[in-house]
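The sequence and the model are shown below.

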Amino acid sequence: MLYYSTNKKAPLATLEKAVVKGLAEDRGLYMPERIKPLSKDFFDNIEKMSFQEIAYTVADAFFGEDVEADALKKIVYDTLAFDCPVVPVTDNIYSLELFHGPTLAFKDVGARFMARLLQYFLKKEGYGSQVNVLVATSGDTGSAVANGFLGVDGIHVYVLYPKGKVSPIQECQFTTLGKNITAIEVDGVFDDCQALVKSAFMDAELNAHMKLTSANSINVARFLPQAFYYFNAYARMKEKGLASNLVMCVPSGNFGNICSALFGHQMGLPIKRFIAANNANDIFYNYLKTGEYNPQPSVATLANAMDVGDPSNFARVYDLYKGDHKTITALIGGATYKDDAIRQTMRECYAETGYVLDPHGACGYQALKDLLEPGEVGVFCETAHPAKFKEKVDDILSIDINIPQRLQEFMKGTKQSIDMSKDFEDFKAYLMGQ
Ligand SMILES: *Cc1c(COP(=O)(O)O)cnc(C)c1O
C-alpha cells in the first residue's frame, strides 16, 4: 500500500518511508491510498472475538500488504498487553477506559505499536545505524513515547520538555527510565521544545550525522492503531446488545484519536455518529458551525493535553471527506467546555454516579449528556487515568485518589536529565556529539 500526502505535492511513499519520515516532503500528512472495508462476516461475529483478534484483523487491513503476517500479529499482540474495557457510567453513557497501559493514557497504544513497527523495518532492512526519535512534550506524549520505545534495539529516544512546566508525576515517567531514553530539560516553554525539534529535522548537517524521526500523531504508525480500540468497544457493546445506535465521543486536541475512529467508520464500523469534544480551544467546533478553519494560539486549560490551537490531524479529517463540510457535519458533532464547566461536570458525575472523570474525559462525558438523542447509546473515551492529574482531581472533587502501583514505581526512580538552553546551536552541538 502506498501513502500520499494531504498537500498532494510530495511523491507517494511506502509504509516504511511514511513511518521513518513521519511528515511528507511537502509538510503534508501521509494518508493510505485505499481504506479497505472489512467483511460483513467480521462485523456479524465480532462480539465473539477477543481484543487482540479484532485488532489483528484491523491491522491486517491497514498494514497486511507491507508487513508479514506472523510479524504483524506479534506486533499487535505485544502492543495490546493491556485491556481497554467499556464501563457503564449511567444508563446510556459508557466510558471506554483507555488508561490501563504503562503510562495511564491512550497514547500508549500508538506509541507501543509504532516502536515495534519501526523496529521491524530496521531489522528487515538491516540498518547499520541507529534511528533517533525526537519528541517534544508538554507532558503526556513524552511519557507514552518513552515507555513505548523503552528497551527497543536500534532506536534512541530524546524527550525534550520545558523545565518546571510538566507535573512531577509526568516528569518521572520519562526522566527515570535510562537505557535508550534521554530526557532533555529545556530552559523555555513547550513551543521552544517544539521549535528545537523542528529545526533539528531541517538541519542538513545534523541529518547527515544521524537518522532522525518523530513520534507524534502525524506518524501513521502512531495514529492508525488507535482504531483497534474503537472496533473492540463496538464488539463489547454488541455483546451487551447495545450496539445498534452507538454514538462515539472523543475528547480531542490534535485530532489523531478521533481520526483513527473515522478511519474505522470508513472500514464499515457501524457507529451512527461521532462527537469531537473540545476544551476552550474550540477551533474544530467553530469549523463545524461556520465551515471556516481558523487556527488560533492555544489557551491553557485544565485538560492540557487538548490545548491545541491548530490541530495537526484536521488535514486528515478534511482529506477523508474531500473537504465537504456537509458530509463532515452530518457525521461529526462538536462541543466545547471551559474550565468551569469541566469542574462542574467532574463534580456532578462523581456525585451522581461515583465515577471519577479526569478533566479530558469530562469533556467527552458532558458532550454525550448534552447531545445524545433518545434511543442513542453513547461511549466516550476516558483518555487518561484521573490519577495522572491527581492534584487537580483531588482539589476539584475533595478526594484523595489512589495512585496506581505502576505510577508509584516511576515515582521511586531517580530523575536523570540533561540541561539545555532553548538555543538551537546548543542542542545541535549536543546531538552532533552523540
Ligand atoms: C493527547 C491527549 C488527548 C488528545 O488526543 P488527540 O489525538 O491529540 O486529539 C486527549 N486526552 C489526553 C489525556 C491526551 O493525552
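Helices α16 and α18 cross in a right-handed sense. In this predicted model, the axes of α16 (residues 339-353) and α18 (residues 390-397) come within 9 Å and cross at roughly 65 degrees. Angles of 65 to 115 degrees count as roughly perpendicular, and α16 and α18 are therefore roughly perpendicular to each other. On the α16 side, the contact is formed by Arg343, Met346, Arg347 and Tyr350. Helix α18 contributes Val393, Ile396 and Leu397. By class, the contact of α16 with α18 comprises five nonpolar and two charged residues, with no polar residue.

A second pair is formed by α11 (residues 227-239) and α12 (residues 256-266), whose axes come within 8 Å and cross at roughly 60 degrees. This geometry makes α11 oblique to α12. Here too the handedness can be stated: α11 passes α12 in a right-handed crossing. From α11, the residues Ala227, Tyr229, Tyr230 and Phe231 take part. They meet Asn257, Ile258, Ser260, Ala261 and Gly264 of α12. The contact of α11 with α12 contains six nonpolar and three polar residues, and no charged residue.

Helix α3 supplies Gln52, Glu53, Ala55, Tyr56, Ala59, Asp60 and Phe63 to the contact. Their counterparts in α4 are Ala69, Leu72, Lys73, Val76 and Tyr77. Eight nonpolar, one polar and three charged residues make up the contact of α3 with α4.

| Helix pair | Axis separation | Crossing angle |
|---|---|---|
| α16 and α18 | within 9 Å | roughly 65 degrees |
| α11 and α12 | within 8 Å | roughly 60 degrees |

The largest share of the lining, five residues, comes from α5. The lining as a whole consists of Ala71, Lys74, Ile75, Asp78, Arg116, Gln119, Tyr120, Lys123 and Lys124. By class, the lining of the second largest pocket has five charged, three nonpolar and one polar residue.

How many cavities of 30 Å³ or more does the structure hold? The structure holds one such cavity. The largest cavity has a volume of about 40 Å³. Its lining includes Ser252, Gly253 and Phe255, together with Asn278, Asn281, Ile283 and Phe284. Met306, Val308 and Pro311 also line the largest cavity. By class, the lining of the largest cavity has six nonpolar and four polar residues, and no charged residue.

Conventions:
Residues numbered from 1 in each chain as written. Predicted model: local features only at pLDDT ≥ 70, side-chain atom pairs only at ≥ 80, totals over all residues. Heavy atoms only, no water. 1 Å grid on protein atoms, 1.4 Å probe; cavity = no way out; pocket = protein on both sides within 12 Å on 5 of 7 lines; lining within 4 Å. Helix = DSSP H or I, 4+ residues; strand = E, 2+ residues; numbered from the N terminus. Nonpolar A, V, L, I, M, F, W, Y, C, P; charged D, E, K, R; others polar. Axes fitted to C-alpha atoms, helices over the stretch in contact; angles between N-to-C directions. Parallel < 35°, antiparallel > 145°, perpendicular 65-115°, else oblique. Left-handed = near helix turned anticlockwise from the far one by under 90°. Contact = heavy atoms within 4.5 Å. Points joined across faces, edges and corners; volume = space filled by probe spheres on them.
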